Amino acid sequence: MTRLGELVGVELGPTSWLWVTQHRIDSFASATGDPQWIHTDPERAAAGPFGTTIAHGFLTLSLCVPMLYEVLPPAETMVVNYGANRVRFPAAVPSGSRIRGRFRVLEVEATRAGERATIEAVVQCEGVEKPVCVAELVTLTVL
C-alpha cells in the first residue's frame with residue numbers, strides 16, 4: 001500500500017482558504033457551457049434567492065482537487081480522479097467568498113489497475129453555517 005493506506009481514518013485539513021471570485025465563476029461557466037444567470041449575471045442575481053451570484057456546485061466540487069493535493073502526501077506515481085460518490089451541495093457559495101476543505105481517507109483497496117482510495121470531502125464556506133459540498137472522492141493511484 002502507498003502512504004494513503006496509512007492515513008485511513010485520519011482527518012486532513014483544514015486547507016488554506018481559496019477565493020471563489022466572480023472571474024473564477026465566469027471562467028467555469030464559459031468552460032462548461034453553463035451560463036445560468038444565478039452564476040453569471042450579478043445584477044439579476046442580486047434580486048434572486050441568494051442576493052448575489054453563486055458558484056456552480058460542480059465548480060465547488062472541482063476545487064476539492066487542489067485542496068486535496070494541499071493536504072495529501074506527494075504521490076510518487078500517477079494519481080487520477082476515478083469518480084465521486086454521494087455528492088451533495090447543502091449550501092451555496094456566494095461570489096467573492098472563501099472556501100476550504102477537510103478530508104478523511106475512508107478506505108484504500110488494491111485493484112488490478114492500482115490502489116483505489118475513497119476520501120470523504122467536506123467543504124466549508126467562510127460565513128456559511130452548513131457545508132457547501134460533501135462528497136466521497138475516489139482516486140486511483142497507478143502503481
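How do the residues of the lining of the second largest pocket divide into nonpolar, polar and charged? The tally is 12 nonpolar, four polar and no charged. Here nonpolar covers Ala, Val, Leu, Ile, Met, Phe, Trp, Tyr, Cys and Pro, charged covers Asp, Glu, Lys and Arg, and the others, Gly among them, count as polar.

## The model at a glance

A word on the ground rules: this is a predicted model, with local features needing pLDDT of at least 70 and side-chain atom pairs counted only at pLDDT 80 or more, while totals for chains, interfaces and linings use all residues. Residues are numbered from 1 along each chain as its sequence is written, and side-chain values use heavy atoms, with hydrogens and water left out.

The protein has five helices and six strands, arranged from the N terminus as β-β-α-α-α-α-α-β-β-β-β. These elements are DSSP runs numbered from the N terminus, with helices (H or I) of at least four residues and strands (E) of at least two. The C-alpha atoms fill a box of roughly 50 × 30 × 25 Å along the principal axes. Of the 143 residues, 36% are buried (under 20% relative accessible area; exposed is over 50%, partly exposed in between, with a 1.4 Å probe and protein chains only). Among contacts (heavy atoms within 4.5 Å) between residues at least 6 apart in sequence, 70% join residues at least 24 apart.

## Two pockets

The search runs on a 1 Å grid over the protein atoms alone: a pocket is an open set of points where a 1.4 Å probe fits, with protein on both sides within 12 Å along at least five of seven lines, and lining residues have an atom within 4 Å of a point. Grid points are joined across faces, edges and corners, and a volume is the space filled by probe spheres set on the points.

The largest pocket has a volume of about 290 Å³. Its lining has 14 residues, with Pro73, Pro74, Ala75, Glu76 and Val79 nearest the centre, and divides into eight nonpolar, four polar and two charged.

The second largest pocket comes to about 200 Å³. Of its 16 lining residues, Val65, Asn81, Gly83, Leu137 and Thr139 are the closest to its centre. Helix H4 (57–62), helix H5 (64–71), strand S3 (78–88) and strand S6 (133–142) each supply at least two lining residues, and S3 gives the largest share, six.

## Helix H5 and the cysteines

H5 buries Cys64, Met67, Leu68 and Val71. Seen down the helix axis, these buried residues fall within an arc of 100° (taken from the directions from the axis to the C-beta atoms), so they line one face of H5. They pack against strand S1 (11–12), strand S2 (18–20), H4, strand S4 (97–110), strand S5 (115–125) and S6.

The structure holds zero disulfides, a disulfide being a pair of cysteine sulfur atoms within 2.5 Å. Cysteine 64 is buried at 0% relative accessibility, and cysteine 133 is buried with a relative accessible area of 0%.

## Two loop residues

Histidine 56 sits in the loop between helix H3 (42–46) and H4. With a relative accessible area of 3%, histidine 56 is buried. Leaving aside residues up to four places away in sequence, histidine 56 touches Ile25, Phe28, Ala29, Asp34 and His39.

Serine 95 belongs to the loop between S3 and S4. Beyond residues up to four places away in sequence, serine 95 touches Val20, Thr21, Gln22, Ile25, Thr52, Thr53 and Ile54. Serine 95 and aspartate 41 are 54 residues apart in sequence and 11 Å apart in space, C-alpha to C-alpha.
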